[in-house]
Structures are given as structure tokens and as C-alpha cells.
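Thanks, everyone. Please put the model up on the screen, and I will walk through its side chains.

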Amino acid sequence: MVSTLLPTAFVASIGSVLLIYSTLAFSPSPCRIRMRQSMMLLSNSESDEDEGVGDFEKERMNIVRMLQRSYYRDVPDDGSDQTMESLPSSAAASLDPVTGRINNLPLWRVGWVETPGRRNCLNVHEMQYTHMFEKILSQSSSGADGQENDEPLYFGHIYLPGGTASAKSGEERYRLKTWREELVDEHRFDNYGSSSTLNAPGIRTPTVDRSAVLGCLMQIIDHRRMEDGRLMILVQALERFVVEEIVDTRPFSVANVQVLLDKEELPWYGNDSREGVMSSGRMNADENFCKNIRGKAVAASFYYHDYEFDHPSLPYGKINECNDTYIATDDVDWIQISKLLPFSHYSTDEVCLDAANEKTGNLYDSIADLNDSDDGSSFADGKLPLEQELWAGGIMWDPPPVPNVIIRRSQDNLDCDTLETLLWLALEDFCRATGFTLPEEVNCLLPPEMDYLDIKPDKYLSRNYPKIRRQRRLSYLAPALIENLEIPMKGMRQVWLNTPSTTARLLGALERYEYLNNKMMGQFE
């Protein structure tokens with residue numbers, strides 16, 4: 001009778017405990033004994049009709065937390081090494097620097113899209129995902145040697161229209177697929193469409209009603225457990241990836257994924273990456289050659305994460321693993337949390353940037369040696385590089401153009417440097433016309449040589465920071481500022497994520513700012 005009054009999130013917590021119980025049914029005897037004792041306590045507390053609902057929930061959640069600690073962290077009493085972290089299916093997701101892949105990546109499949117450079121605070125309440133994140137968080141616990149594990153905690157964010165409800169529907173279009181499976185699916189374009197408005201009927205925004213195969217790599221930077229069993233998790237988006245292999249789909253999806261860099265960051269591409277072709281260097285490079293250096297390029301990208309992403313904490317002090325602090329919903333300081341969102345800040349520590357530049361220089365020296373020593377045998381099969389195969393197959397595409405927008409220079413000469421300059425000029429025009437103030441997370445991306453603009457950052461990024469990485473960050477953040485204004489900007493996150501190059505993304509953002517600026521100047525009716 002009392003249980004009918006419990007909130008949905010609490011029921012999800014109990015569901016998660018039942019999931020744990022079914023998993024532990026074949027675990028070592030001491031674990032089973034502890035579980036039986038705990039479930040007896042649960043049963044007894046249900047029968048106490050005189051207990052208040054508040055005390056009942058508190059007692060129940062204490063038992064839930066005890067079970068979670070037992071399942072995710074404790075070493076079995078029989079002295080064996082089989083903890084949750086040591087089970088094969090619980091291997092921590094980590095970067096393979098040889099291939100640029102991340103293996104055993106847990107996937108958070110939800111109905112919105114994240115793009116690199118963003119930060120979010122997740123409210124995790126569905127039982128399969130509280131289970132998933134508890135497993136991930138357990139990997140940060142102190143090891144047997146008593147040392148804290150400082151390895152980054154990764155998971156994948158991938159778009160699924162309708163979220164869990166769609167996953168449970170059994171429809172083929174919502175099934176998680178690898179990119180190879182997606183390429184051979186004859187019906188995949190049946191779920192592609194576009195939308196427009198009466199005010200701008202000529203501007204179409206792509207819509208896709210099927211599970212994505214290209215997602216965003218996320219890192220957990222802080223978390224808190226709520227009193228009702230939910231998890232509050234502060235995360236930031238680092239890189240994009242494509243699903244290579246599916247490891248598991250129950251109780252949540254796990255996959256091996258390939259990290260995808262923009263074309264300008266790939267050593268075998270030339271300067272012209274707008275048209276999806278290689279214009280210089282290895283014109284005939286195929287996957288046999290590219291796979292040998294892709295991992296090195298991805299590893300180089302990861303070296304910059306310490307500079308590109310700071311690590312703030314949620315406003316609740318440090319977690320004591322021996323005595324966790326659980327947050328009540330009424331105590332959540334949404335104002336302070338909102339100050340951490342929606343974009344990530346750069347670190348003020350330039351020492352890590354110098355280290356990244358040094359490591360990257362060494363990597364690219366080795367890539368150059370490999371390039372010079374190649375005898376041509378790596379081109380025997382003629383297989384397209386992965387990135388070009390994704391482009392040719394329609395998994396990656398350029399943003400749709402905006403009609404009637406005239407860019408200030410010939411598009412034949414639009415490289416990243418030119419587009420970056422033009423986009424900043426358009427941003428300044430937009431701010432003047434609207435009175436909008438750019439957030440500091442965007443301001444800091446202004447090139448120091450453009451100090452003649454009215455836009456003044458509190459601090460410029462280091463001159464030692466590679467400009468192509470600054471331009472890539474801008475290509476994601478600039479369109480995010482106007483994504484909620486009207487149709488040409490709405491629903492575009494997956495498009496920006498699927499765009500193969502920084503050049504194409506900067507051009508797509510520039511067109512949309514020019515459209516808005518022209519409209520405000522009265523050039524469009």
C-alpha cells in the first residue's frame with residue numbers, strides 16, 4: 001500500500017536492485033548470503049504499516065545503497081578477485097593508441113544530440129542506465145594497492161529518437177547498428193526527411209527518424225547520488241565516433257567505436273577537404289595505409305584534452321567514498337549548476353599544452369617517417385579510407401546550403417583561416433544587431449590578430465595552441481548559439497556532428513549567421 005506512493009525514480013532504483021540480484025544469483029556464496037539478508041530487510045520494511053513514508057523511503061534507499069556498494073565495489077568474502085570491475089563485460093573503456101578505437105564503450109542512447117565542446121548535467125533515472133553509470137563510476141574507486149584510479153571515465157552519447165521507448169519498440173530502424181550494417185540497409189533513407197517553415201520555405205533542415213551510428217565521446221567529471229536513487233552526473237563532450245562493433249545490447253548497449261577526426265586533422269589529406277576529396281599528399285592512400293597512422297593522429301588529439309577541458313566540480317563538496325553524501329531534490333542548486341553549462345571551459349594550465357605539443361610533434365615525426373618509407377604496397381587493395389567511405393555512403397555529409405546567402409568572398413578560396421575570419425565578422429554583426437553578448441567560452445576562441453573587433457575576450461588562448469583545434473571548437477560552438485532561433489538553425493546538432501570537415505562546418509555556420517544578419521537588416525522579407 002505504501003509502495004504506490006513512491007516516486008518513479010525510486011521504483012527505478014528498486015528495479016536496478018532486482019537487476020543486480022538476478023546477476024548475483026550465480027556469484028560466490030558470500031555475495032548471495034549478503035543479498036538474501038538485504039532482501040529480507042526489504043521485505044520486513046514493506047510490512048511495517050505504521051512507518052511513515054519518509055522513513056520508509058530512507059530505510060529502503062539505505063538498503064539499496066548497501067546493495068550497490070556490495071555489487072559494484074566490494075571484494076567477495078571468499079578472497080577471490082572477481083569484483084564487478086574485473087568481469088570481462090565490465091572492462092573500462094579506454095583509448096587504443098594504435099588504432100584510435102575505444103573498446104567496450106557503454107552507450108547512452110537518448111533522444112537528443114551532443115557535440116564536442118559542450119557540457120551537460122545528466123539526470124539518470126532509468127534502471128538500465130543507473131546500472132550502467134554505477135558500473136562506470138565503480139572503475140574510479142581505489143584499486144587493491146590503495147591508489148586512486150585517475151583514468152578518464154568514458155561513455156558514448158548516441159542519438160536515438162524517442163530514447164528508451166523506441167529501443168523497446170523492436171522496430172528495425174531503432175536497432176543499434178554498426179556503420180557497415182547501416183551502409184547496406186536498403187531502407188535507411190526511408191527515415192530521412194526535412195522540415196521548413198512558412199517564413200523560410202526554401203530552407204530545409206534534415207531530419208532522421210532512426211538510430212544514429214555516429215555519436216559523441218563523453219567524459220564524466222563529477223557526480224552525485226540523489227536520495228531517490230537517481231544519479232546527477234556532470235559530463236563533457238570530447239570527440240565524435242562511429243560504431244565499429246557491437247559488444248552487447250543488454251541490459252545496456254556496449255560497442256567498440258572508432259574516433260573520427262575532422263579531415264584537416266588527418267595527415268593523409270591535403271588542404272582542400274570541402275569536397276570530400278584528397279587534393280595533395282597521398283592521393284592514392286587507401287585504408288591499409290591510413291589505419292597505420294589514424295591511431296597516432298587520434299592519440300595526438302587526446303593529448304590536448306587536458307588543456308581544452310577543465311574539470312569543475314558540482315557545488316556540493318568532495319565525495320567521501322566511505323560516507324557518500326546523497327542529495328535531496330530540494331537541495332539541488334540549479335543556479336550554480338547552470339553556471340557550469342552549456343559549454344566547457346579551457347584549462348588555465350598551459351604546462352599540459354606544452355606537453356601535448358611535444359608529444360604531438362613526436363607523433364607526427366613518426367608519421368612522416370612512415371609516409372617516406374612506404375614502398376607502395378599499402379595501396380594494393382585500393383580500399384577507401386574509413387572517412388571517405390562514410391562520406392561516399394551518406395553517413396557523413398555537409399550541412400545543407402542556405403539559399404540567397406552571398407558569402408563575402410569566392411567559395412573557391414574559402415579555407416579554414418578565411419572562414420574563421422568571416423565567421424567572426426558575422427558574429428560581431430549579429431551581436432551588434434541583437435545586443436547579444438558572447439559567452440566567454442566562445443570569446444576566448446577569437447584569434448589574437450583580430451583584436452580590432454568589438455569582441456573582447458577576458459583572455460586569449462595560448463599562441464601555442466594549434467589553430468586548427470581552435471577552429472574546430474568554433475565550428476561546433478558558433479552554430480550552438482543560434483540553434484533555438486528558427487528552423488534553419490534548429491535540429492542541426494546531428495548534422496554538425498556528421499559534417500566531415502571543419503571547413504564545411506564553418507561554412508555552414510557562416511551561411512546561417514549571414515542569413516540572420518541579412519534578415520535583420522531587412523534584405524529578406
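Start with Cys216. It is buried, because its relative accessibility is 1%; buried means under 20% relative accessible area, exposed over 50%, and partly exposed in between, with a 1.4 Å probe and protein chains only. Cys431 counts as buried too, at 13%. How many disulfides does the structure hold? The count is 0, where a disulfide is a pair of cysteine sulfur atoms within 2.5 Å.

A word on the source. This is a predicted model, where local features need pLDDT of at least 70, side-chain atom pairs count only at pLDDT 80 or more, and totals for chains, interfaces and linings use all residues. Residues are numbered from 1 along each chain as its sequence is written, and side-chain values use heavy atoms, with hydrogens and water left out.

Back to Cys431. Cys431 is among the buried residues of helix H12, and so are Trp424, Phe430 and Glu428. Helices (H or I, at least four residues) and strands (E, at least two) are DSSP runs, numbered from the N terminus. H12 covers residues 416-434, 19 residues in all. From first C-alpha to last, H12 reaches 26 Å, close to the expected 27 Å; the expected span is 1.5 Å times one less than the number of residues. What do the buried residues of H12 pack against? They pack against H13, H14 and helix H16 (502-520), contact meaning heavy atoms within 4.5 Å. After H12 comes Gly435, with a positive phi near 80°.

A salt bridge is a side-chain nitrogen of Lys or Arg within 4 Å of a carboxyl oxygen of Asp or Glu. Glu428 is buried at 7%. Arg432 is exposed at 56%.

The whole structure has 30 salt bridges. One of them joins Arg173 and Asp209 at 2.6 Å, N to O. Arg173 is in the loop between helix H5 (164-169) and helix H6 (179-183), and Asp209 is in the loop between strand E6 (205-208) and strand E7 (214-226), so the bridge ties together parts 36 residues apart in sequence. Both ends are partly exposed: Arg173 at 23%, Asp209 at 29%.

Next, Arg210 bridges to Asp185 at 2.9 Å. That pair links the loop between E6 and E7 to the loop between H6 and strand E5 (192-195), 25 residues apart. Arg210 is buried at 2%, and Asp185 is buried at 16%. Both belong to a salt-bridge network that includes Glu172, Arg175 and Lys177.

On to the rings. There are 11 aromatic pairs. Rings of Phe, Tyr and Trp (its six-membered ring) pair if their centres lie within 6.5 Å; planes under 30 degrees apart are stacked, over 60 edge-to-face, the rest tilted. Phe133 and Phe155 are edge-to-face, because their planes stand at 80°, with centres 5.0 Å apart. Phe133 is in helix H4 (residues 127-138) and Phe155 in strand E4 (residues 153-159), 22 residues apart. Both are buried.

Last, a charge over a ring. Arg505 lies over the face of Tyr476, at 4.0 Å from the ring centre; the cut-offs are NZ of Lys or CZ of Arg within 6 Å of the ring centre and within 35 degrees of the ring normal.
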